[in-house]
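Student: I want to go through this structure label by label. For each label, show me the value behind it.

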Amino acid sequence: MKKIAYLLMAGGLILTACNNEPAYKISGTIENVADGETVYLQEMQGRDMVILDSAIVKNGTFTFKGRQDSTVYRYVTYQPQELWADLFLENGNILVKLGEESQATGTPNNDIYQGFKDQFIALNKEMGEIYQKARTDSTLTDEQREELMKQIEAKDAEAMDMVYNTIATNITNPVGIYLLPNYAPAFEFEKQVALVEQIPAQYQNNERIARLINNIEVAKKTAVGQKFIDFS
């Protein structure tokens with residue numbers, strides 16, 4: 001009897017452990033959309049968006065639930081209004097807002113990525129406002145316009161430093177791995193090499209990372225001063 005009780009207890013513990021396994025929940029909000037409309041969880045395959053899951057809007061909210069073995073890059077979309085939010089699908093409670101300024105927060109990688117996007121958008125907005133003033137303000141002198149262009153160059157350099165530092169800080173997690181191939185061509189070659197050398201082995205088979213590594217290796221072999229390679 002004691003043995004049966006022990007086995008039942010052990011079984012209960014196992015069931016409890018299984019039920020408490022990490023899972024994701026996407027809690028979303030969307031404005032001015034009627035109940036019954038559909039929101040999709042999608043991924044990009046080549047040039048096509050592929051539907052992975054769907055959720056029905058109720059009272060301006062929607063929910064996705066599931067479990068992830070690894071963190072992956074995905075999209076939540078509402079197609080009639082072309083609203084979308086890009087996010088890292090990982091276990092935890094992800095908060096998504098679909099609208100003119102969509103965002104995803106609540107889990108480690110999404111908080112990092114949203115912080116990056118907020119900074120990048122703010123810097124680009126500042127540059128846009130300066131450029132607009134330089135282009136449209138007829139009262140400006142040539143010297144004043146030249147000064148504004150210098151301000152734009154400084155903001156652009158600030159933005160690229162922010163991008164590089166974000167990638168360098170996160171090169172061992174999915175955010176850095178996703179951002180690096182997007183921005184690597186804008187960095188000096190030595191900086192690209194330094195970042196690639198820090199990529200953990202688990203990410204080196206990533207298709208975009210493998211392509212970047214291959215491009216860097218080719219560039220090394222064909223750099224000025226390297227020994228000529230015979231070919232036929």
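Student: This is a predicted model. Which residues of H2 are buried?
Tutor: In H2, the buried residues are Asn109, Asn110, Tyr113, Gln114, Phe116, Lys117, Leu123, Met127, Ile130 and Ala134.

Student: Why is Gln114 called buried?
Tutor: Gln114 has a relative accessible area of 7%. Buried means under 20%. The value passes the cut-off, so Gln114 counts as buried.

Student: What do the buried residues of H2 pack against?
Tutor: They pack against strands S5, S6, S7 (92-98) and S8 (103-105). Helices H3 (142-169) and H4 (174-183) are also on the list.

Student: How do you know what span to expect for H2?
Tutor: H2 has 29 residues. The expected span is 1.5 Å times one less than the number of residues. That gives an expected 42 Å, and H2 reaches 42 Å from its first C-alpha to its last. The span of H2 is therefore close to expectation.

Student: Which strands form the open sheet, and in what order?
Tutor: The order is S3-S2-S5-S6, with antiparallel pairing.

Student: What makes S3 and S6 edge strands?
Tutor: Strand S3 (48-56) and strand S6 (83-89) each pair on one side only. On average, neighbouring strands of this sheet are turned by 30° against each other, direction ignored.

Student: How do you know that S5 and S6 pair?
Tutor: Pairing needs at least two bridges. S5 (residues 72-78) and S6 have seven bridges, in the antiparallel sense. Seven meets the cut-off, so the two strands count as paired.

Student: How many helices and strands does the whole protein have, and what share of its residues is buried?
Tutor: The protein has six helices and eight strands. Of its 232 residues, 35% count as buried.

Student: What is the accessible surface of the protein?
Tutor: The accessible surface is about 15200 Å². Carbon and sulfur atoms hold 51% of that surface.

Terms used
Residues numbered from 1 in each chain as written. Predicted model: local features only at pLDDT ≥ 70, side-chain atom pairs only at ≥ 80, totals over all residues. Heavy atoms only, no water. Helix = DSSP H or I, 4+ residues; strand = E, 2+ residues; numbered from the N terminus. Axes fitted to C-alpha atoms, helices over the stretch in contact; angles between N-to-C directions. Buried < 20%, exposed > 50% of the residue type's maximum accessible area, 1.4 Å probe, protein only. Areas by Shrake-Rupley, 256 points an atom, 1.4 Å probe, with all protein chains shown as cover. Contact = heavy atoms within 4.5 Å.
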